[in-house]
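Subject: Structure handover

Hi,

Here is the structure I promised to pass on. Please open it first, then read the notes below it.

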Amino acid sequence: MKTFIEQLINGLSLGSIYALIALGYTMVYGIMKLINFAHGDIYMVGAFTGFFASTYFHLGFIPSLLLAMLVSLLLGVTIERVAYRPLRNKSKISILITAIGVSLLLENGGIIILSPQVRTYPQIFKQHMYSFFNGIITISNQQIVIFVVSIIMMVGLQIIIYKTKMGKAMRAVSTDADAAKLMGVNVDRTVSFTFAIGSALAAVAGVLVGIYYNSIDPLMGIMPGLKAFIAAVLGGIGIIPGAMVGGLLMGVIEALVSGYGSSLYRDGVSFAILIIILLIKPTGLFGKNVREKV
Amino acid sequence: MKQILKNRLLIFIGLFAIYGIIQILLSTSILNDYYEINIVLMGINIILAVSLNLINGFTGQFSLGHAGFMSIGAYTSAIITYKLGLPFPLAILVGGIAAGIAGILIGIPSLRLKGDYLAITTLGFGEIIRVIFLNTEYVGGASGLSGIPKYTNWTWVFWMAVITIVLIRNFINSSYGRCCVAIREDETAAESMGINTTFYKTLAFTIGAFFAGIGGALYAHNFYIIQPETFNFMKSFDILTMVVLGGLGSITGSILSAIFLTFVYALLQDYAALRMVIYSLLLIVVMLFRPEGLMGTKEFSLKKLFKKGEKSNEFTLN
């Protein structure tokens, strides 16, 4: 029971991080029908910005987090502007190939510029364990930070999407881009805004992972990126609450597989989940069926 | 008819000439071992690129799991020669068949999906295959199989590549291949014309996987050692770059770009990250400025080169 709860808490912390990345995937997919393969690498850039901000400029947690968000946001918007926008009306496959290209570019450019070595993240929060109920539940202060920050970010995102004009525009474009355009919505700006928010959330996830696992490297974005994508599909891609639930579920499943089975099987299990979901209910847990029209 | 026979004969003579010249250069050691390794690698990459082009380019089903099929061929053939001591030709054949069976098993469920969903599912299957090999002690787990006998040489690679190209070209020019192209152009329209899309998609996927398995078998017997890590999805991206650069739907394009990119690979062997940066820039630039790839769906042909202005609609490979 104790290990189960321990793994559950580990899984939920990892899952919140997946959820933050998955939100970016799901928003971009909702609005452009594109799997932004480079999203995991934007998360890597966020982690590195946070690392440099806190190691070399000795900034505190909140300022380095904000700086990381800003850098990733600019990167995300630039990628969209340079690589994806010219292809928006071309075939889906060519934009997907471009996304793979951008992802490879960021990873290997990262290796050249930042060197492939693993860096140790500074201990912004000294690890401290709290236990409740006679030690049945133990939780570290880093995990608490992860939960608090993720919840703030998710609530903030909900407010942006459902209470602001830009959020309304985002929902309109994702429902029908052409109709939204006719109604006077600036589609280009809405797409840029979506990339900005998604990338900023990925940066938050990057900084949190740095704090939680203490190590970062230029290829750190590949696997979490893919798994967050799986989380987005699991919840129903394009659906924001789906990404949150999917992320948390993925984290818990992974922690349980590593805790009770072999950690070597962890990646295999994640992909198996993806395949099962796509074969049984491709629209995900929260999705509705949409018919293809000719 | 006579013209076709004459052309075939010319191609045959041309192939023998290429084979003979390189073979003489290799056996007289004018081209040393370093060149031999890269020339062999070129041939393997041609097999992989052409077979992936059948799936991605001609049938329009975007697969990212080619490295997975390659690894099945590599491991199966290595087990046959190294563990069981059976002859190499049998190992190539069984490696291909094993990959082909995996292609059927993976193709039937995943080809119901389209576009980017299919891409990510095939990527997932490729990774699952890798994780299975990683956890199988019989084939060495993470450290892989080493000590595989070196049977792959110029002769094997050249003729296997020729067989692959000829078979895939003939498939594309057959009525089966035309159905595949129809599916690429418009799946709904193809289906309403009575084409059994699932059957043809699975068929193309299986043939592609079969030849990827053969490529993997040749690969395993060239480098003494195979590890699960060699066949991760980066390898699939490598092959994809060749196909995209050459043109989705052009066999000669795939051949030319496989030769070119293997050359780049050899030049930048010590700078893996730089090589991947170049690959990724190639992908992005090609997609932005020439989304159909260098050759598009056209084929390079000497005949057209000599008779300019005369348009031919047939697929020609000479």
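A definition to start: helices (H or I, at least four residues) and strands (E, at least two) are DSSP runs, numbered from the N terminus. This is a predicted model, in which local features need pLDDT of at least 70, side-chain atom pairs count only at pLDDT 80 or more, and totals for chains, interfaces and linings use all residues. Residues are numbered from 1 along each chain as its sequence is written, while chains are lettered from A and ligands numbered from 1 in the order in which they are written.

Most residues other than glycine have a negative phi. Two residues here go the other way.

His58(A) is not a glycine, yet its phi is positive, at about 50 degrees. His58(A) sits in the loop between α2 (39-55) and α3 (61-84) of chain A. His58(A) is exposed, with 10 other C-beta atoms within 10 Å. On the terms: a residue is buried if 20 or more other C-beta atoms lie within 10 Å of its own, exposed if 12 or fewer, and partly exposed in between, with C-beta atoms placed from the backbone.

Tyr224(B) is not a glycine either, and has a positive phi of about 65 degrees. Its loop runs between α9 (197-220) and β2 (225-226) of chain B. Tyr224(B) has 13 C-beta neighbours inside 10 Å and counts as partly exposed.

**The chains**

Chain A has eleven helices and four strands. Its radius of gyration is 19 Å, close to the 19 Å that the globule rule gives for 294 residues, so chain A is as compact as a globular protein of that length. The radius is taken over C-alpha atoms, and the rule is 2.2 Å times the number of residues to the power 0.38. Along the principal axes, the C-alpha atoms of chain A fill a box of roughly 60 × 45 × 35 Å. Of its 294 residues, 50% count as buried. Two residues are in contact if their C-beta atoms, placed from the backbone, lie within 7 Å. Of the contacts in chain A with a separation of 6 or more, 75% involve residues 24 or more positions apart.

Chain B has 13 helices and two strands. The C-alpha trace of chain B spans about 55 × 50 × 40 Å along its principal axes. Of the 318 residues, 48% count as buried. Among contacts in chain B between residues at least 6 apart in sequence, 80% join residues at least 24 apart.

**One buried threonine**

Thr262(B) lies in helix α11 (residues 251-267) of chain B. Thr262(B) is buried, with 22 other C-beta atoms within 10 Å. Leaving aside neighbours within four places in sequence, Thr262(B) is in contact with Asn38(B), Leu41(B), Met42(B) and Asn45(B).

**A helix pair inside chain A**

Helix α1 (residues 2-32) and helix α9 (residues 222-235) of chain A have axes that come within 8 Å and cross at roughly 65 degrees. That makes α1(A) roughly perpendicular to α9(A). Axes are lines fitted to C-alpha atoms, for helices over the stretch in contact, and angles run from 0 to 180 degrees between N-to-C directions. Angles under 35 degrees count as roughly parallel, over 145 as roughly antiparallel, 65 to 115 as roughly perpendicular and the rest as oblique. The residues of this contact divide into eleven nonpolar, two polar and one charged. Ala, Val, Leu, Ile, Met, Phe, Trp, Tyr, Cys and Pro count as nonpolar, Asp, Glu, Lys and Arg as charged, and the others, Gly among them, as polar.

**Where the chains meet**

33 residues of chain A are in contact with 31 residues of chain B. On the chain A side, α4 (92-114) and α11 (266-280) are the elements that give two or more residues. The largest share, 15 residues, comes from α4(A). That side divides into 24 nonpolar, six polar and three charged residues.

α11(A) packs on helix α5 (residues 115-134) of chain B at an angle of about 145 degrees, with their axes 9 Å apart. The residues of that contact divide into ten nonpolar, three polar and two charged.

Best wishes
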